[in-house]
Amino acid sequence: MNSLHMLIFIPFVFAMAIPLLYKLFHPKIHLGWFVLLIPLVIFLHLLRYIPLVAKGDHLTTSLAWLPSMEMNLDFYLDGLALLFGLLISGIGVLVIIYSIFYLSKHREELHKFYMYLMMFMGAMLGLVFSDNIFILYGFWELTSISSFLLIAFWYERKSSRDGAMKSLLITVFGGLCMFAGMIMLTLITDTYSIREMILNVEFVQAHKLFIPVIICILLGAFTKSAQFPFSIWLPGAMEAPTPVSAYLHSATMVKAGIYLVARFTPVFGGSSVWFWLVSGIGIITLLYGSITAVRQTDLKALLAYSTISQLGLIMSLLGIGSFTFYFGPSEHGVTYSMAIFAAIFHLFNHSMFKGSLFMVVGIIDHETGTRDIRRLGGLMQLMPVSFTVALIGGFSMAGLPPFNGFLSKEMFFKAVNDVRVAEIFHLETLGMLFPLLAWIASIFTFVYSMILVFKTFSGKYRQEKLNRDVHEAPFGMLIPSVILAFFVVVIFLFPNVFSKYLLKPAFVAILPMFTIDKVDIKISAWHGWNTELLMTIGVVIMGSLLFITVKRWVPLLKQYPQWLTLNNLFEKSLEKVERYSLTLTNRYMTGSIRHYFIYIFSFFVIVLAGSLLLLHGIQFDVSEDNVISIYDVGLVLGVMIAALTVLFTSNRMTAIVALSVVGYLVTMFFVIFRAPDLALTQMVVETVTTVLFLLCFYHLPKLQKKIGRIKFKLTNLIVSVATGLTITILALSSNSHKLFEPISYFFENAYELAGAKNIVNAILVDFRGFDTMLEISVLCIAGLGVYTLARFRMKGSDQNEAE
Amino acid sequence: MTFEIIMIVSLCFLTLSILANIYRVVKGPSSADRIQALDAIGINLIASIAVFSVLLHTHAFFDLILLIGILSFVGTVAFSRFTERGMVIKQKDEG
């Protein structure tokens, strides 16, 4: 247990203390003030590792959990994990400050909120620091669960519950696929440690399970990071309180998939499947998200789709960066490694500006009571600080200078332009698509960023549509968003400082072929008149044109049929699946015991007869059989006639008499086969059973006494004949397959061993006495059961029977 | 040897008479015929078992002979009560 373990478990431990604090201090002090300490401590503590990581070092630590299964809490801190750790804890601090002012301490169940949030924070930290692949999976599912709880925080709203359920279904589906992929990966590499897997890359790439592993792991990453077509849960998750949206659904949880892809790039990178899946899906998501975002009228939905699109951007960059593993640390490789750097950089930038934008939207919602763009406008004078923050965040998202989004967007353009010259994986022809799609998506990104900033803050102020006096948000709510906006600008001004201490170590962590002092990356705001800058200028011009004419063409987008949206498809298919499974279940679970018997017997026949046939088990050997005397034949004939009478008679009395005949004749068989004890018992039981039958008949309802003979049904005939035949063949075959000597010689010594001349009795009470004891208890239970059934009648039991 | 053949022949005849009784069980127009036939089967069984015991030189089945004698009586009585009164065991209050 060292400080790194402490860091990850502090949130969980504190989550347990929250109810106590709530009891002690509610409603005097807002619970958030206590909670604030935790991410602050973690953040400050993680800052201490920066010098270590900047040198290219890493930290490992292990805590035994299940040592015999090699399942230990192995944590590993390198550049990538530290970058994520700082984002999680840093934005965590800001989000908690924001939530203190956003959530009312009188109206909301704050203890639940902060417990879920702490659980999430601990899970997320554990996820990024885990080296053991299954510990990572554990934390991964914990983030899904805590996200589910947070989305449905206002559980009395239907939309919250729906959103939470949708996100849980999709992310857990992905998580389970990922789990399968991880199991396959551990089978291939024979280790649970991610670092050791990276050392065993050649086994993985040559293995026949390579492609299934990639698909399974990527399903996990794509569902978590809301990639196309699994993106639908993210807009639904906007029903969560805004601090949650800002924290989980822009800065941290949705980046878990990105983290996973980045973490496993050294294992899978360099193969064409990985590139096409990661980059291809990424770029489709980018385009899909940016176009859909323009259509939205709800600010949070707009931000959700923008998050989807930006995550697609990062994902496609990670795919392009995986070329580095194809080319190695050559000149080409270095070129493509810049895509990885761009991905990390944009990931870092996105957390900043998206966090601030969510907070601004939350402020607008909090102050005006609506998030609908059509009702908002002209808030610039009323909310100057929020406007500034939104402007900074929006312009950064659009990729404009002087904000950090500009830098990473330029690097993104450079990376997609480089794809064309790769000339591998069929990119000679298809490579052209990458810059084109990226450019179109960037134009739409520009348009929705402008919509976000100007439709809400400029234009006419419409008091009549808002039902309260609008004024600037309280200081505490503005602080966190201002801090984030401040960073957006600072990163633009001093990118290389962040690069040296945070981004380069993360870069080296993803690309282990580079060492930290050899990497020469300089981010410069001005990089000459090159293609990327021209593309950005093109984006601004086209975007401005589109934004001015937005009213003319957005209705065209809304023409897109509602029933063909992914969301609708998901919901319809869910509905269909439920309906079909209900129909299917109703079809075979008829409630009729006859049907169930048919299933049971058919299954029995299929399994037994099938295995007899397949294993060539049918074999008749009559050499050891006894001689059959003429009276044996007569008795068998008698049993058969009596049994058939039971089947064909129309009279109950006849059936029962015939059944007695069968019983009597069976007694005779026992005699012929020299079993006097069995014959005695059989006779007694037969008589008692007959008397019991007669007792039952007396109680039969009058109405049904007129039942005639059993109706003929072909299915029943086939099933019964098949069952009988199977049993007969099985009995005859097994009689012909005597594999071992019988053990009856042992019981023949009954007199010496047990002092009994009757070996049947000796077996029953001496050699195998346990069976007898338990059979006695069976009789006891049956007797007690009958007694209670007859004696204790619950009230209303008669009505139940009538139903 | 001759004795054994006689015994087996008598067993065969007993079996035949059981079969004849079964014919009555299947056919017998009324319930009473059937019950009567069942009772007769019991008696035939007793005879068969006795012959069989002689054949095997054993007295292990003598208990069974007694038991069948009792139980086939009990069974017949139960059936008769059922056909006569519609029930086997009289309930206290129903007199």
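At what angle do the axes of helix H10 (residues 210-224) of chain A and helix H14 (residues 272-295) of chain A cross? The two axes cross at roughly 20° and come within 10 Å; axes are lines fitted to C-alpha atoms, for helices over the stretch in contact, and angles run from 0 to 180 degrees between N-to-C directions. H10(A) and H14(A) are therefore roughly parallel to each other (angles under 35 degrees count as roughly parallel, over 145 as roughly antiparallel, 65 to 115 as roughly perpendicular and the rest as oblique).

The model is predicted: local features need pLDDT of at least 70, side-chain atom pairs count only at pLDDT 80 or more, and totals for chains, interfaces and linings use all residues. Residues are numbered from 1 along each chain as its sequence is written, and side-chain values use heavy atoms, without hydrogens and water. Helices (H or I, at least four residues) are DSSP runs, numbered from the N terminus.

In H10(A), Ile211(A), Ile214(A), Ile215(A), Leu218(A) and Phe222(A) meet Val273(A), Trp274(A), Leu277(A), Val278(A) and Ile281(A) of H14(A), where contact means heavy atoms within 4.5 Å.

A second pair is formed by helix H4 (residues 79-102) of chain A and helix H23 (residues 495-510) of chain A, which pack at an angle of about 135° with their axes 6 Å apart. H4(A) and H23(A) are therefore oblique to each other. On the H4(A) side the contact is made by Gly79(A), Leu80(A), Leu83(A) and Leu86(A); residues of H23(A) in the contact include Leu502(A), Pro505(A) and Ile510(A).

Conventions
Chains lettered and ligands numbered in written order. Helix = DSSP H or I, 4+ residues; strand = E, 2+ residues; numbered from the N terminus.
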